[in-house]
Amino acid sequence: MRLLIAATLILVGCFPPTAAVPAPISESEYEALHRGGAPTLADLSAGRGLFSSGCGSCHNHPDVAAHGSAEWARIVERMGRKADLSPAESDLVLAFILAARERSLPPR
């Protein structure tokens, strides 16, 4: 019994934190996060849609604050291939995750 409990705790500890799909990025948040920078609100909306439907079809949605930007880029590249996303779709997902991650971090 103790072995079963220990194995369960180890397995649960190996899975990344999960969370609900982050809320859409508002226009004011977008302006604050991407002054003169790339992804548009339409890009972020499309990325959120792919994140919501694609990621959630196989597993719980990951907590966007659980990883840094470089790690997210590697994760999205790997998982995008598994989900049969095009490189452009993976870029949209990554843009959304990074924007949502930035919003979730404490103010600097």
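Modeller: Rings of Phe, Tyr and Trp, the last taken by its six-membered ring, count as a pair if their centres lie within 6.5 Å, and planes under 30 degrees apart are called stacked, over 60 edge-to-face and the rest tilted. This is a predicted model, in which local features need pLDDT of at least 70 and side-chain atom pairs count only at pLDDT 80 or more, while totals for chains, interfaces and linings use all residues. Residues are numbered from 1 along each chain as its sequence is written, and side-chain values use heavy atoms, with hydrogens and water left out.

Biologist: By this rule, how many aromatic pairs does the count come to?

Modeller: The count comes to one aromatic pair. Phe51 and Phe96 form this pair, which is tilted, with 5.7 Å from centre to centre and 50 degrees between the planes. Helices are DSSP runs of H or I with at least four residues, numbered from the N terminus. Because Phe51 lies in helix α3 (residues 41–56) and Phe96 in helix α5, the pair ties together parts that are 45 residues apart in sequence.

Biologist: Is Phe51 buried or exposed?

Modeller: Buried means under 20% relative accessible area and exposed over 50%, with partly exposed in between, using a 1.4 Å probe and protein chains only. Phe51, at 0% relative accessibility, counts as buried, and Phe96 is buried too, with a relative accessible area of 1%.

Biologist: At what angle do the axes of α3 and α5 cross?

Modeller: Axes are lines fitted to C-alpha atoms, for helices over the stretch in contact, and angles run from 0 to 180 degrees between N-to-C directions. Angles under 35 degrees count as roughly parallel, over 145 as roughly antiparallel, 65 to 115 as roughly perpendicular and the rest as oblique. The axes of α3 and α5 come within 7 Å and cross at roughly 100 degrees, and the two helices are therefore roughly perpendicular to each other. Where contact means heavy atoms within 4.5 Å, the residues that make it include Leu44, Gly47 and Phe51 of α3 and Leu92, Val93 and Phe96 of α5.

Biologist: Which residues of α3 are buried?

Modeller: The buried residues of α3 are Leu44, Gly47, Phe51 and Cys55. Seen down the axis of α3, these residues fall within an arc of 60 degrees, so they line one face of the helix; the arc is that of the directions from the helix axis to the C-beta atoms. On the other side of α3, Ala42 and Ser45 are exposed.

Biologist: Against which helix do the buried residues of α4 pack?

Modeller: They pack against α5 (87–104), and the buried residues of α4 are Trp72, Ile75, Val76 and Gly80.
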